[in-house]
Amino acid sequence: MIAIKGNKREFTEAEIHYIISNWGKESPHSMKKKFNCTWYAVCKIAEKHGLEIPTSNEWTDEEIETLKILSDKYHYSEIAKIMNKTENAIYIKARRLGITLIQDRRKWTEEEETLLSDLWGTKSIETIAKTMKRTVFSIKVKAVRMGLGPMVRNNYDLITVSDMCDLLNVTRDRITTTWIDLGLNLKKKKLTNNTAYYVITWNDLMVFLENNQNEWDSRYVEKNMLGTEPEWLKEKRDRDLKENPLWYRKWNEEEIKQAENLFKSGKNYLEIAKIINRSEWAVANLLRNMGYSSMLPQFWKGKELKYLRENYENMTYSEIAEALGRTTKAIGAKAEELGYQKRLTKSKNNGGESND
């Protein structure tokens, strides 16, 4: 057993291990009660082991005001991340101030389900969340699972990074690094001069998900959790089930060489994907990054498919091709693949094509 002096206190090896292991999860204030010592003594142990210590265990007036503002909107674990405090610190301070915190992971009672059914469609989703002391996200999830119909939408309907993690089953790091680089429109929401957090509107999130379908797996998103599902999402669900998307698996040198050789032998990316057990998206992206973009057919984006579906009856294939920056042959092939192909005839007046 080793003993290290703190502030008029000697800590055992087990106590030191406890402080180090739980630093950031449990507050120094809680630990000082557990070990019957001072707040300073606990922080001294942490400091000696290279851990960052708070300058004080006192709450400022601004922090208290921030806690009051957030308590009606977010689960206390989310508040802890926003305020850069431990969950335990948030919970204890709220209890001392008489603030009821949202705990959206608690089990729903029959009374709550009845109340949600009564309020759904008559009040805004934020009003319902505030009334029931739950997050907007938890209200949406429950409403979908209860089959209460379309979600209530309003201009203040925002989703946090943590909500995105839960909804899409992706990591926070992936959202705040990779996805931001890809154009995710996260916005900083300022609470006080020193406190802010990041959110995104549902509309911006849906645009990003449609344009970056290779970045997430629809199999982990409960049906209708994103609202009434558009055609592109239905198609993605079918594709993900069939192709077993492996978005996050890194390519090794052997796979890269195999994909390149298969492409050079005349295989298209669908054929390559089946051979090496990858998605079409992954193969297309790999080969484009290797400089084969001029030879590789361009993968169709959701918004392009939508444009084709909406306009193939009223526009010629050449007009659609010009609008999308593709060849007429590519438009015709994709229309046939989707079951939208129309018989092409030549115009008697100018020899141009028309859709019958």
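The following conversation concerns selected features of a predicted model.

Student: Which residues of helix H1 are buried?
Tutor: In H1, residues 13-22, the buried residues are Glu15, Ile16, Ile19 and Asn22. Seen down the axis of H1, they fall within an arc of 155 degrees, so they line one face of the helix.

Student: And what is exposed on the other side of H1?
Tutor: Ala14 and His17 are exposed there. Just after H1, Gly24 has a positive phi of about 95 degrees.

Student: Turning to the rings, how many aromatic pairs are there?
Tutor: The count is four aromatic pairs. One of them joins Tyr18 and Phe35, edge-to-face, at 5.8 Å centre to centre with 90 degrees between the planes. Tyr18 lies in helix H1 and Phe35 in helix H2, so the pair ties together parts that are 17 residues apart in sequence.

Student: Is Phe35 buried or exposed?
Tutor: Phe35 is buried, at a relative accessible area of 10%, whereas Tyr18 is partly exposed at 26%. Together with Phe11, Tyr18 and Phe35 form one aromatic cluster.

Student: What about Trp179 and Phe208?
Tutor: Their ring centres are 5.1 Å apart and their planes are at 45 degrees, so the pair is tilted. Trp179 belongs to helix H11 and Phe208 to helix H12, so parts 29 residues apart in sequence are tied together.

Student: Where is Ile159 found, and which residues does Ile159 touch?
Tutor: Ile159 is in strand E3, residues 158-160, and counts as buried at 1% relative accessibility. Beyond residues up to four places away in sequence, Ile159 touches Met164, Leu167, Val199, Ile200, Trp202 and Leu205.

Notes:
Residues are numbered from 1 along each chain as its sequence is written. This is a predicted model: local features need pLDDT of at least 70, side-chain atom pairs count only at pLDDT 80 or more; totals for chains, interfaces and linings use all residues. Side-chain values use heavy atoms; hydrogens and water are left out. Buried means under 20% relative accessible area, exposed over 50%, partly exposed in between (1.4 Å probe, protein chains only). Helices (H or I, at least four residues) and strands (E, at least two) are DSSP runs, numbered from the N terminus. The arc is that of the directions from the helix axis to the C-beta atoms. Contact means heavy atoms within 4.5 Å. Rings of Phe, Tyr and Trp (its six-membered ring) pair if their centres lie within 6.5 Å; planes under 30 degrees apart count as stacked, over 60 as edge-to-face and the rest as tilted.
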